[in-house]
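Okay, thanks for having me, everyone.

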Amino acid sequence: MLKDNPNKIWVVAKPFQANNPEYTQYNEVAEALSDFDDWTDDTETIAGCEVLFRGITLMQSFKGNVIGGLCEQIHPDCSTRNKLPNSEEILNCEECVTRLILDHVK
C-alpha cells in the first residue's frame with residue numbers, strides 16, 4: 001500500500017483489539033497531523049499511531065504519548081511535542097514536519 005503511493009503522507013493507527021493497523025493517506029501535512037492528534041488522543045481504542053512519509057516515521061505515539069520518530073531525533077528538546085495530543089498545539093508541528101520531509105526524507 002505504501003509502495004503504491006510513496007509521495008503521500010500516511011497516518012497509521014494501531015487499534016488495541018485489531019490485528020491490522022488502519023492506513024490513511026493524505027496530500028496535506030495539516031490534515032494528516034490533525035488525524036494523528038485525534039487518534040493519539042483516543043487512548044481507549046488506539047494503542048499507537050505514526051505519521052509516515054516514504055517509509056520514514058516522522059512522528060509516533062504510544063498510549064497517548066508522542067514519542068520517537070524523526071521528529072524526536074532531529075528536535076529532542078521540542079516543547080510542543082510534550083503538550084500533545086492537543087488540537088491547537090499540533091498546528092505548531094506543521095511547519096516542522098514539512099521541513100523534516102524536505103530536508104531529511106526527499
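So, Glu50 is buried, at 12% relative accessible area; buried here means under 20%, exposed means over 50%, and partly exposed is in between, with a 1.4 Å probe and protein chains only. Quick caveat before I go on: this is a predicted model, so local features need pLDDT of at least 70 and side-chain atom pairs count only at pLDDT 80 or more, while totals for chains, interfaces and linings use all residues. Residues are numbered from 1 along each chain as its sequence is written, and side-chain values use heavy atoms, with hydrogens and water left out.

Back to Glu50. What does its side chain meet in a salt bridge? That would be Lys14, at 2.6 Å, N to O. The rule for a salt bridge is a side-chain nitrogen of Lys or Arg within 4 Å of a carboxyl oxygen of Asp or Glu. This one links distant parts of the chain: Lys14 sits in strand E1 and Glu50 in strand E3 (residues 46-53), 36 residues apart. Helices (H or I, at least four residues) and strands (E, at least two) are DSSP runs, by the way, numbered from the N terminus. Lys14 itself is partly exposed at 33%.

How many salt bridges does the structure hold? Two. The other one joins Arg99 to Glu95, with the closest N and O atoms 3.0 Å apart. Those residues are four apart in helix H3, so about one helical turn separates them. Arg99 comes out partly exposed at 37%, and Glu95 is exposed at 57%.

Now the rings. Phe, Tyr and Trp rings (the six-membered one for Trp) pair if their centres lie within 6.5 Å; planes under 30 degrees apart count as stacked, over 60 as edge-to-face, and the rest as tilted. The count by that rule is one aromatic pair. It's Trp10 with Tyr23, edge-to-face, 6.4 Å centre to centre and 75 degrees between the planes. Again, distant parts of the chain get linked: Trp10 is in strand E1 (residues 9-15), Tyr23 in strand E2 (residues 22-26), 13 residues apart. Trp10 is buried at 4%, whereas Tyr23 is partly exposed at 36%.

Last stop, His75. You'll find it in the loop between helix H2 (69-74) and helix H3 (94-105), partly exposed at 29%. Setting aside neighbours within four places in sequence, His75 is in contact (heavy atoms within 4.5 Å) with Arg81, Cys96 and Leu100. As for Leu102, His75 is 27 residues from it in sequence and 15 Å away in space, C-alpha to C-alpha.
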